[in-house]
Structure formats: structure tokens, C-alpha cells
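Student: I have just opened this one and would like to be walked through it. Could we take it a piece at a time?

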Amino acid sequence: ARSSSVDSVLHFVDTCDYYNDVNQNPSTQTERDAYFQTILPTLIKRLQKKLSQDPVTNPVPISETDVLNLYGGCFSDIYIRNVSTEWCSLWDVEMGRLMDYYNDIDFYYDIGPGVAVNGQMSTNLVQDVFYHLDQKIANKSDYSEEKANLYFAHAETVTPLLTLLGYFNSTPTLTRNPPM
């Protein structure tokens with residue numbers, strides 16, 4: 001019955017106004033967008049070759065959104081359906097590598113160490129964890145039957161927490177120029 005307080009602790013991405021301001025700022029994704037623009041012509045050309053009957057004289061028009069959606073279809077097929085022969089048949093290994101780095105750089109700046117606020121917004125979670133540990137140590141827990149205080153969360157919570165704890169300190173800055 002602690003759902004509203006837990007939501008504010010675990011879902012800080014939704015409640016941190018500063019994060020939302022930073023995340024909505026187009027400059028936050030400058031490196032991601034620049035990288036995508038460099039790989040986009042290659043991806044479109046290869047997808048047109050697979051989707052068009054005559055890619056030279058009559059290529060199927062493919063937009064940036066189409067590229068992202070086609071890759072999302074492949075991603076979903078693998079992770080949800082455990083199938084790689086449908087949407088993924090449009091992607092070769094090199095195209096997959098290019099899009100994997102796109103996902104990495106997007107994640108890095110969206111909720112990872114690429115922007116300082118991403119780690120800072122998880123400080124309430126750390127404080128909550130230590131509060132419950134202190135309560136257990138002092139045997140003052142509101143929950144006399146409680147043996148542990150467990151948190152269940154997705155990457156949007158875990159990655160900023162790991163960022164705050166310094167887990168990604170040795171990660172090189174991800175830029176539009178992927179490491180080779």
C-alpha cells in the first residue's frame with residue numbers, strides 16, 4: 001500500500017522536472033542524432049535493396065521513422081517472439097551493428113552517464129534504501145514482519161542508480177564517432 005511513495009522513488013524519470021527539461025532539450029541528443037544521420041543513407045540504401053523489386057530505378061521510399069520502426073520490428077521479434085526470420089531478415093550484421101551503437105548512444109544520453117542529471121535524480125532512491133537499512137538496524141521498521149525491503153524496477157530506474165553509484169565511470173564518452 002506504499003505505491004504512491006514507491007512510485008516517486010522508483011519512477012523518478014516521470015517525476016523529475018529537471019530531467020524532463022534536459023531530456024526534452026534537442027541538444028541532449030546531438031551526438032545520437034549526428035551519428036544517425038551518418039548511418040542513415042547506408043541503412044536506407046540497403047533496406048531499399050531488400051524491399052524494392054527494382055531498387056535502382058524504382059526504390060521503395062524509406063524515411064528515418066521507417067528505419068527506426070523496421071529495426072524496432074526486428075528487435076521485438078527477437079525479444080518477444082524469439083523469431084529472427086521475419087523483420088530481422090531485412091537487416092544484415094553490419095546494419096545491426098550500426099543500429100546497436102545507435103541504441104547505445106541513445107541510452108547513454110537518455111538515462112545513462114551522458115548527462116549529469118541522469119544519475120543525480122536517483123538520490124532519493126539511495127536515501128530510501130539507506131533509510132530502510134537504518135530502520136532495520138535500529139529495529140524500528142514500520143513493518144514488524146518485514147524481512148527485506150525489495151525494489152523492482154526497469155532500466156529507467158536501474159541505469160541512473162548505477163550511474164550515480166559510479167558504475168559507468170570508466171565508460172568512454174559515446175559520440176557520433178563509434179570506437180572501432
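**Charged pairs, helices and surface**

Tutor: Let us begin with a salt bridge in which the side chains of Glu94 and Arg97 meet, at 2.7 Å from N to O; please keep in mind that this is a predicted model.

Student: Where do Glu94 and Arg97 lie?

Tutor: Both Glu94 and Arg97 belong to helix 6, where they are three residues apart, which is about one turn of the helix. Glu94 counts as partly exposed at 32% relative accessibility, and Arg97 is partly exposed too, with a relative accessible area of 39%. There is also a network in which Arg32, Asp33 and Asp106 are joined by salt bridges that share partners.

Student: And Gly96, is that buried or exposed?

Tutor: Gly96, which is found in helix 6 (residues 93-110), has a relative accessible area of 14%, and because buried means under 20%, Gly96 is buried.

Student: Back to salt bridges, how many are there in the whole structure?

Tutor: A search of the whole structure finds seven salt bridges. One of them pairs Arg176 with Glu31, whose side chains meet at 3.0 Å, N to O. Arg176 lies in the segment after helix 9 while Glu31 is in helix 4 (residues 30-51), so this pair ties together parts that are 145 residues apart in sequence.

Student: Which partner does Glu86 have?

Tutor: Glu86 forms a salt bridge with Arg81, and their closest N and O atoms are 2.9 Å apart. Glu86 is partly exposed, at a relative accessible area of 39%, and Arg81 counts as partly exposed with 43% relative accessibility.

Student: New topic: at what angle do helix 8 and helix 9 cross?

Tutor: The axes of helix 8 (residues 123-137) and helix 9 cross at roughly 85 degrees and come within 9 Å, which means that helix 8 is roughly perpendicular to helix 9. Thr123, Leu125 and Val126 of helix 8 make the contact with Thr157, Leu161 and Leu164 of helix 9.

Student: Which residues of helix 9 are buried?

Tutor: In helix 9 (residues 155-164), the buried residues are Thr157, Thr159, Pro160 and Thr163. Helix 9 is followed by Gly166, which has a positive phi, near 85 degrees.

Student: Last one, which residues form the nonpolar patch on the surface?

Tutor: That patch is formed by Phe75, Ile78, Tyr79 and Ile80, which together have about 470 Å² of accessible area. Tyr79 has its place in helix 5 (residues 64-81), and at 62% relative accessibility Tyr79 counts as exposed.

Key:
Residues numbered from 1 in each chain as written. Predicted model: local features only at pLDDT ≥ 70, side-chain atom pairs only at ≥ 80, totals over all residues. Heavy atoms only, no water. Helix = DSSP H or I, 4+ residues; strand = E, 2+ residues; numbered from the N terminus. Buried < 20%, exposed > 50% of the residue type's maximum accessible area, 1.4 Å probe, protein only. Patch = residues over 30% accessible without salt bridge, like charges linked within 9 Å, V, L, I, M, F, W, Y side chains within 5 Å. Areas by Shrake-Rupley, 256 points an atom, 1.4 Å probe, with all protein chains shown as cover. Salt bridge = Lys/Arg side-chain N within 4 Å of Asp/Glu carboxyl O. Axes fitted to C-alpha atoms, helices over the stretch in contact; angles between N-to-C directions. Parallel < 35°, antiparallel > 145°, perpendicular 65-115°, else oblique. Contact = heavy atoms within 4.5 Å.
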